[in-house]
Amino acid sequence: MPIRIPDSLPATAALESENIFVMTEYRAMHQDIRPLRVLLLNLMPTKITTETQILRKLSNTPIQVEIELLQTASHQSKNTAAEHLESFYTTFDEVRHQHFDGLIITGAPVEKLEFEDVDYWPELCEIMEWSKTHVHSTLHICWGAQAGIYYHYGVPKHTLDHKVFGVFDHQLVKTTSPLVRGYDDCFWAPHSRFTEVEAADIEAHPDLELIAVSDEAGVYIAKSTDSQNFFVFGHPEYDRDTLKAEYDRDIAKGMDIAVPAHYFPNDDPAQTPRSSWFSHAQLLYTNWLNYYVYQTTPYDITQAGKE
């Protein structure tokens, strides 16, 4: 997929070095086809890392995608340069009257807080409510998935006795879902969280369905039956070294943190971590874009999301 992003975004050079087709704004403007418009609400503190990871996953179909980066106005980022945010990010007030084919809401390191205690929770609720009428399909990731399934369907999160941290084996619950087309019966995916949603709560809701679970890590993928909302409770966008960076950071802080499970050879953090989830992670994003955005979104973008 040619992915359309600003020429000077830091992710551009990284993606081009990986032979990913990054389309210049000039070339995109001279094509007759309508690109998909995808809004990325980046709630992670390391915004450049996260935007690069997700843009990499959105870049492997033949569809042109135009990305708009969104930040919350009610929370000031402390880990990303103000110049970067001013140059590449917009706020909700600037897009609230626009329509989008897709919306991605990332995770955030606030899961130990009650949703209502997160400083930008009212703004996030406003965005999620707006998505019902202005976005064709929304993909929620990790804490974003917990927040979304709670806001839209009242499914609560539960605090775990210990952090789910590592790469875990998963099984498909609904093998016929186009979202997991091409998946193996068992596959691996990274998790990094202190809370969870329970499969029983999802199965009890008539508007939700389970797609994939893990015996060790719990629910991984769920979706709404109308395919407007998708919930991924892990981090399929993570790079090979992301869990290692989190582990090293917490060890440096003196935290009592376990070695990420099923990640380092022989569970030895001195060794290079294994990547065992990349192909299925790519399929997740590709299938969402293809089957639930591109194939079904209206050609008239102003009709996207209208109930």
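This is a predicted model: local features need pLDDT of at least 70, side-chain atom pairs count only at pLDDT 80 or more; totals for chains, interfaces and linings use all residues.
1. Residues are numbered from 1 along each chain as its sequence is written, and side-chain values use heavy atoms, leaving out hydrogens and water.

2. Which residue does K132 pair with? K132 forms a salt bridge with E129, at 3.0 Å from N to O. A salt bridge here is a side-chain nitrogen of Lys or Arg within 4 Å of a carboxyl oxygen of Asp or Glu. Side chains of opposite charge can pair when their charged atoms come close. Both residues sit in helix α6 (residues 121-134), and because they are three residues apart, about one helical turn separates them. E129 is also partly exposed, at 36%. Helices (H or I, at least four residues) and strands (E, at least two) are DSSP runs, numbered from the N terminus.

3. How many salt bridges does the structure hold? There are nine. One of them joins R56 and D239, whose closest N and O atoms are 2.9 Å apart. R56 belongs to helix α3 (residues 47-57) and D239 to the loop between β12 (229-232) and α9 (242-252), so this bridge ties together parts 183 residues apart in sequence. R56 is buried, at 16%, whereas D239 is partly exposed, at 27%.

4. Another salt bridge brings K174 and E209 together, with 2.9 Å from N to O. This pair also links distant parts of the chain: K174 is in the loop between β8 (158-172) and β9 (186-196), and E209, 35 residues apart from it, is in strand β10 (residues 208-214). K174 is partly exposed at 29%, while E209 is buried at 17%.

5. Now find strand β3 (residues 36-41). Six of its six residues are buried, so the rest of the structure largely encloses this strand. In a regular strand the side chains alternate between the two faces of the sheet. In β3 both faces are covered, with L36, V38 and L40 buried on one side and R37, L39 and L41 buried on the other.

6. What does β3 pair with? Strands pair if DSSP finds at least two bridges between them. β3 runs parallel to strand β4 (residues 65-70) over six bridges, and L36 stands opposite V65. The chain gets from β3 to β4 through α3 in a right-handed β-α-β crossover; that is, with the strands pointing away from the viewer, the path from the first strand over the helix to the second runs clockwise. β3 also pairs in parallel with strand β6 (residues 100-105), over four bridges, where V38 faces G102.

7. Finally, look inside. A nonpolar core is a set of buried Ala, Val, Leu, Ile, Met, Phe, Trp, Tyr and Cys residues joined through side-chain atoms within 4.5 Å. The largest has 37 residues, and I104, Y220, I221, W288 and L289 touch the most other members. Helix α10 (residues 278-294) contributes the most to this core, with six residues. A separate core holds 23 residues, including I105, A108, I127 and W143.

Note on methods:
Buried means under 20% relative accessible area, exposed over 50%, partly exposed in between (1.4 Å probe, protein chains only).
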